[in-house]
Amino acid sequence: MYYEFQNSAKILSGDFALENIPHELKSLGAKKVLILTDKTLEKIGTLQTVIDSMSGKDVQIGGIFTDIPTDSSIDVINEVTKKYNQLNCDSLIALGGGSVIDTAKGVRMTLSQQKEDIMDLAGCELINYGKHIPFVAIPTTSGTGSEATLVAVILNKVKNIKMEFISYFLLPDVAVLDTRMTLTLPPKTTASTGMDALCHAIESYTCLQKNPMSDAYATAAIELIRDNLEEAVKNGSNKNARLAMANASLMAGVAFSNSMVGIIHAIGHAVGGISRVPHGDAMAILMPHCMRYNKDKLEEQYAKLLLYIAGDEVYAKTPKEKRADTTIEYVEKLLNKMHELTGLNTKLSEAGVKEEDFDKIATGAINDGAMIVNPKKADYEDVIQILKGAF
Ligand SMILES: [Fe+2]
C-alpha cells in the first residue's frame, strides 16, 4: 500500500480567530488583500465583522468583490483575476461557502500561473507551483470543507458541467474557523451543508484511496456531526455546536482531500450541474440510496462506521451481521430528522430533478472522476436505478 497525505493549511479555530488574520497575512508577505465574498454575507453584516477585525492592523484591504454567485464559474474567476491585477493586490481572502472559496482557489491558481483565463489550465495534471499568492479561507458554512481541500469545483456554463480542478497548490495557507461566522446560517442550509460534510467523511472512509490518516479524520468528523448537527439546526446560536460543526466540516474535508469521494459525489455533481440542485441537498438525498448500492462491497466498512455514527451502545448491542444495514438506517434517520426540522428535501423529484434528465445525469455521473475510486464499478443502468430509487 502506498499513500500520500497533505494538510498544509494552518488552522485558526475558535473565538476571535478572525483577529489573527492580519498577522498571518503579514507573515506570508502580504500587504494588500482582495476579499472575495457574496451579497448575502455583505447584507447580514458578516463581511463587516471581518473588515472590523482587520482595522488598524498592518494589512490593507485593497478591494472587496461581493459578486460571487451560488455556483462559482469560469467567467467570475476570470473577472476577479482581472480586478486583482487592476487593484495591485498581493493576496486573497475568501469569505463564504464552497462557491466563494472555490472561486478564490480558481483565481489563485490562475494568478499563480500568470494566466488570464482559467480554461488555459483545465486538464493540466502537472502544473508548477508558480507565484505564491497568500490565501486565507474563512468558511461561513460547515459543509464543503473547501478551506482544507485541494479540490475546486467550477461550473462550466457552456457545457453545463461542474469541472473539478485538483492540485496541492489549491490548498489555502490559512483556514479560519471563527464562531461568529456560522451563527446566522439558516437551519435548512445548516442541515444541507452538514449532510455534505457527513457524506465527505463516509465516502472518504469507503473509497478505494482511503488510508489510515484519512480514516482518522473521517471518523472524528462523523462523531462531531452525530453529536452536534441536530443541535446546530435547532439552536443556531449555540456557539459550541457551531464550532464543532465547523471543525467536523474541515476534518471531513481533510479526509476526502487525501483519499477521495465516490459514487454519491459522482451522481451529485451531475445532478448539481444539470438540475441545479444545491450540492448538500443532492448529497443528503442520494446518500442512503448509494450506500445501499455499495453495501455488498462495503459490508465491513459500513459495519465499523456504526460505532461513530450511532455511538458505542448501539454498536455493542447490534449483531455484527446487522451493523452495516444499521449504519445506513442511521443516515436515513438523520436525513428524515433534517427534513422534519427544516423541510430539507428527501427526494430528487422534490428538489426539482426531472425524469427526462436522467439520461444526461447518468451519462455525467459515469464520466465523473469520483466514480473511478468508488469501490463498486457502476455503469449507466446502475445509476439510472439509483436515480429512480431516489426520485
Ligand atoms: Fe461534497
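This is a predicted model: local features need pLDDT of at least 70, side-chain atom pairs count only at pLDDT 80 or more; totals for chains, interfaces and linings use all residues.
Figure 1. Strand β1 pairs with β8 in the parallel sense over five bridges, and Ser-13 stands opposite Leu-177 in β8. Strand β5 (residues 135-139) also runs parallel to β8 (residues 174-178), and two bridges join them. In β8, Val-174 is the bridge partner of Val-136, while Ala-175 stands opposite Ala-137.

**Figure 2. The open sheet of six strands.** In what order do the strands of this open sheet stand? The order is β1-β8-β5-β4-β2-β3, and the pairing is parallel. Strands β1 (10-14) and β3 (60-65) stand at the edges with a single partner strand each, so one side of each has no neighbour in the sheet. From one strand to the next, the twist averages 20°. Helix α5 (residues 98-112) packs on the sheet and touches β2 (32-36), β4 (91-96) and β5. The direction of helix α5 makes about 165° with that of β4. Strands of a sheet pair through backbone hydrogen bonds, either parallel or antiparallel.

**Figure 3. The hairpin of β6 and β7.** Here the strands pair in the antiparallel sense, over six bridges. Val-151 stands opposite Ile-166 in β7. The hairpin has four residues between its strands, and Asn-160 takes a positive phi near 55°.

**Figure 4. The contact between domain 1 and domain 2.** The protein is divided into domain 1 (10-181) and domain 2 (187-390). Their C-alpha centres lie 26 Å apart. The contact takes 24 residues from domain 1 and 27 residues from domain 2. On the side of domain 1 that touches domain 2, the elements giving two or more residues are β1, β6 (151-156), β7 (161-166) and β8. By class, that side of domain 1 has nine nonpolar, 12 polar and three charged residues.

**Figure 5. The largest nonpolar core.** This core has 130 residues, and those with the most contacts inside it are Leu-36, Ala-221 and Ile-267. Helix α10 (residues 279-310) gives the most to the core, with 15 residues. Leaving out residues up to four places away in sequence, Leu-36 touches Phe-65, Ile-68, Val-80, Leu-92, Ile-93, Ala-94, Leu-95, Val-100, Thr-103 and Ala-104. In soluble globular proteins, nonpolar side chains tend to be buried together.

**Figure 6. Thr-81 in helix α4.** Neighbours within four places in sequence aside, Thr-81 is in contact with Val-107, Thr-110, Leu-111 and Glu-116. Leu-41 is 40 residues from Thr-81 along the chain, and the C-alpha atoms of these two residues are separated by 21 Å.

Definitions and conventions: Residues are numbered from 1 along each chain as its sequence is written. A nonpolar core is a set of buried Ala, Val, Leu, Ile, Met, Phe, Trp, Tyr and Cys residues joined through C-beta atoms within 7 Å. A residue is buried if 20 or more other C-beta atoms lie within 10 Å of its own, exposed if 12 or fewer, and partly exposed in between; C-beta atoms are placed from the backbone. Two residues are in contact if their C-beta atoms, placed from the backbone, lie within 7 Å. Two strands pair if DSSP finds at least two bridges between them. Axes are lines fitted to C-alpha atoms, for helices over the stretch in contact, and angles run from 0 to 180 degrees between N-to-C directions. Domain bounds come from an automatic or database domain assignment. Ala, Val, Leu, Ile, Met, Phe, Trp, Tyr, Cys and Pro count as nonpolar, Asp, Glu, Lys and Arg as charged, and the others, Gly among them, as polar.
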